Amino acid sequence: MDIHSSIGLKRLNLQKVYHYLYNARSSSKLDISNGTGLSIPTIASNIVELEKRGLIREGHEFKSTGGRRAQSYSICETARIAIGVEILKEEVKIVAIDLYGNIIDDSRKEIPFVNNASYFGEFGRFVNEFIERIAFPKGSILGIGVALQGLVSEDGQTVVYSEILKADGLKLKTFRKLFDFECRMFHDTEIAALAEIWNCPETQNAVYIALNRYFGGALILNGEVRRTQKLSSATIEHMRISLDGPLCYCGKRGCAESFCGANHLTAISGMPAEEFFEKLHAGDTNCVSIWQTFTRNLAVVINNIHMVVNCDVILGGYLNLFMSDDDVRFIEETVRDEHFNNGFSCVIRRSRLGDKAPAMGAALDFIDEFICDL
Ligand SMILES: [Zn+2]
């Protein structure tokens, strides 16, 4: 065996032990050996190495079944953390997450986006103050992921389309100059879909629908967010469902965005989303009528996607915060009614990540990489 394959094998064994412990949360050397097929001496030396790196720790002792009590080991979940930031037109949201994707801390601040030095100065101060406040060692922070309302080039370096933020041409290096950490830039909906997969790893084929102020969606195929060469992910928001509908910010008429965004609901109801859903749930006839129309348009969009790929629906975003389970069942029924096949049933799963999904996804990209490439 040459030296390179020897190093490769050592690393592979270290990964096996770490990944087993990561999934098991807590385990003994014997269990790790049974689970990985590695010998006890190999497990022991890798445990020493992982402890030395501060990545695992001794836990409780398992109850004895006769012989010596077995020592348990578990992951140090905050040995590495990652920061995720979401840039919206009106505000900035930030989260710090641990190796299991748990939120350690979060914050938000109203900073209206303007693509200029003054904005990035204030943005940088906000993020750096947050990082100072959570007080983690610099070496434990894997990086800062930035999710924004815009499409990002395939190489992650440039915003290629961002009518909402008016940030076309914005470069990743603009963020890199602000921080002492590695930065990455993502399309918000796409990276929110990644967070949903992380949260529910059995997800195979699904469409992620973000009912945010601006509507968005991403397609998940074979457990991965679908990426195309030119655009970073599916752009369901610009699927046209009416040729002479309202003007979309993209310049076309009748896009899904014009019918399914929270901004549209707020505009036609004349009230904030929170108030709208309160009245809807109290049976207000005007709100019920608006909701029926809104849901029907959403059902058309979901069905158009179903015509291409039969998949489940993950519903997330701002409006999801106010919706009841009955509202979601109503959307399911409307999708079924809109479908050409009477026997069709649509399954909608609600996101459990709330409106932090894009920021969490942007941070999870670093966590995922760290765990895979240990
Ligand atoms: Zn459009």
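How many bridges join strand E4 to strand E7, and do the two run parallel or antiparallel? I found six bridges between E4 (residues 81-87) and E7 (residues 141-148), and the two strands run parallel. One pair I looked up: Glu86 has Ala147 in E7 as its bridge partner.

**Ground rules**

Before going on, I note that this is a predicted model, in which local features need pLDDT of at least 70, side-chain atom pairs count only at pLDDT 80 or more, and totals for chains, interfaces and linings use all residues. Residue numbers start from 1 along each chain as its sequence is written. My helices (H or I, at least four residues) and strands (E, at least two) are DSSP runs, numbered from the N terminus. I call two strands paired if DSSP finds at least two bridges between them.

**The whole chain**

I looked up the overall make-up next: the protein chain has twelve helices and 15 strands. Its C-alpha trace spans about 70 × 55 × 40 Å along the principal axes. Of the 374 residues, 38% count as buried; that label needs 20 or more other C-beta atoms within 10 Å of the residue's own, while exposed means 12 or fewer and partly exposed is in between, with C-beta atoms placed from the backbone. I also checked contacts, where two residues count if their C-beta atoms, placed from the backbone, lie within 7 Å. Among contacts in the chain with a separation of 6 or more, 58% are between residues 24 or more positions apart.

**The five-stranded sheet**

Back to E4 and E7, which sit in an open sheet of five strands, in the order E6-E5-E4-E7-E10, with mixed pairing. Strand E6 (103-109) and strand E10 (183-187) are at the edges with a single partner strand each, so one side of each has no neighbour in the sheet. From one strand to the next, the twist averages 20°.

I followed E5 to both of its neighbours. E4 and E5 run antiparallel and are joined by six bridges, one of which I traced from Gly84 to its bridge partner Val95 in E5. These two strands form a hairpin with four residues between them.

Is E5 mostly covered or mostly open? It is mostly covered, with five of its six residues buried. I then looked at helix H4 (residues 117-134), which lies across E4, E5 (92-97), E6 and E7 and runs at about 30° to E5. For such angles, axes are lines fitted to C-alpha atoms, for helices over the stretch in contact, and the angles run from 0 to 180 degrees between N-to-C directions.

**The three-stranded sheet**

I found another open sheet, with three strands in the order E1-E3-E2 and antiparallel pairing. Strand E1 (26-28) and strand E2 (56-61) stand at its edges, each with a single partner strand, so one side of each lacks a neighbour in the sheet. Here the twist averages 40° from one strand to the next. E2 pairs with strand E3 (residues 71-75) over four antiparallel bridges, and Ile56 has Ile75 in E3 as its bridge partner.

**Domains**

The domain assignment (bounds come from an automatic or database assignment) gives domain 1 (3-75), domain 2 (81-193 + 357-372) and domain 3 (201-353). The centres of domain 2 and domain 3, taken over C-alpha atoms, are 25 Å apart. I see 14 residues of domain 2 in contact with 17 residues of domain 3. On the domain 2 side, strand E8 (151-152), H6 and H12 each supply at least two residues. H6 gives the most, with five residues.
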